[in-house]
Every structure is written in C-alpha cells, then in structure tokens.
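Here's a quick tour of one predicted model, written for someone who likes cut-offs spelled out. Have a look at the structure before reading on.

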Amino acid sequence: QLQASGGGLVQAGGSLRLSCAASGHIFSNNVMGWFRQAPGKEREFVAAITWYGTTHYRDSVKGRFTISRDNAKNTVLLQMNSLKPEDTAVYYCAAVRDTGIWVDPRKYDSWGQGTQVTVSS
C-alpha cells in the first residue's frame, strides 16, 4: 500500500515536497518512482530511485526536482523547486520489485492514490 501526500496550489517559482509512505513489503528492496498525469495526457515518468539510492529524472525536471528515500521509514520524497505551470498534474508514487529503473509506468505494480499539484502562473 502506498499513500502519497503533500500536493497543493503554489505560484510559479515556488516549491512543494511530496511524500509517499509505503508498507514494508512494497518498499523493501524496490525501486520507487514518481509519475504524473495532466488532464488529457498520458501518465509520464518524473523520477525514480533504487534501494541503494541511484536516481533518474525526466529531462524537464532535472535540476529542479530531487527524489530521495528513507529506507528506515519506508518513505520516498520528491522535493520540487522552481515549479512551473507545466508541472501541474496529479502526482503518483509507484513501486516495482527490481534493481534497475524503469520509466514505463506499465512496469510498476504498486501505485498510490495520487496527489494534486497545481502551479499558477
């Protein structure tokens, strides 16, 4: 079970931090990812992190977003800075039992409920 939180409304240039709490059997040794879906668009990869801390980001968020995980607390975070209106979407956390990072959402088998992020211009 995954529970995402931390979304909200922010002005362009602002920051938000998303948090995803996972049950132990989903979090342990898994790759954790963040995806987003804007209205009328497909779900897209944002960032992911392996159990050992290797990260990967989509190009448009590099330098602005940071993914991290606390393996003792079964939590993954997404720090989002310098937000832009095009970052507006519902953000989902997801997990997959693997050692490598996948950007294809179909590879992930556990999903949270989503949290809305709205960036106003």
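What follows covers a sheet, a disulfide and the nonpolar cores.

Some housekeeping: this is a predicted model, so local features need pLDDT of at least 70 and side-chain atom pairs need 80 or more, while totals for chains, interfaces and linings use all residues. Numbering starts from 1 along each chain as its sequence is written, and side-chain values use heavy atoms, with hydrogens and water left out.

Let's start with the sheet. It is open, with 4 strands in the order E1-E3-E8-E7 and antiparallel pairing. Strands here are DSSP runs of E, at least two residues, numbered from the N terminus, and two of them pair if DSSP finds at least two bridges between them. At the edges sit E1 (2–5) and E7 (65–70), each pairing on one side only. Further in, E3 (residues 16–22) and E8 (residues 75–80) pair over 6 bridges, and Cys20 has Val76 in E8 as its bridge partner.

Cys20 also forms a disulfide (sulfur atoms within 2.5 Å) with Cys93, the sulfurs being 2.1 Å apart. The S-S torsion is about 60°, so this disulfide is right-handed. Both ends are buried (under 20% relative accessible area, 1.4 Å probe, protein chains only):

| Cysteine | Relative accessibility |
|---|---|
| Cys20 | 0% |
| Cys93 | 0% |

Now the cores, meaning buried Ala, Val, Leu, Ile, Met, Phe, Trp, Tyr and Cys residues joined through side-chain atoms within 4.5 Å. The largest has 29 residues, and Trp34, Leu78, Met80 and Tyr91 touch the most other members. A second, separate core of 7 residues includes Val31 and Phe45.

Definitions and conventions:
Buried means under 20% relative accessible area, exposed over 50%, partly exposed in between (1.4 Å probe, protein chains only).
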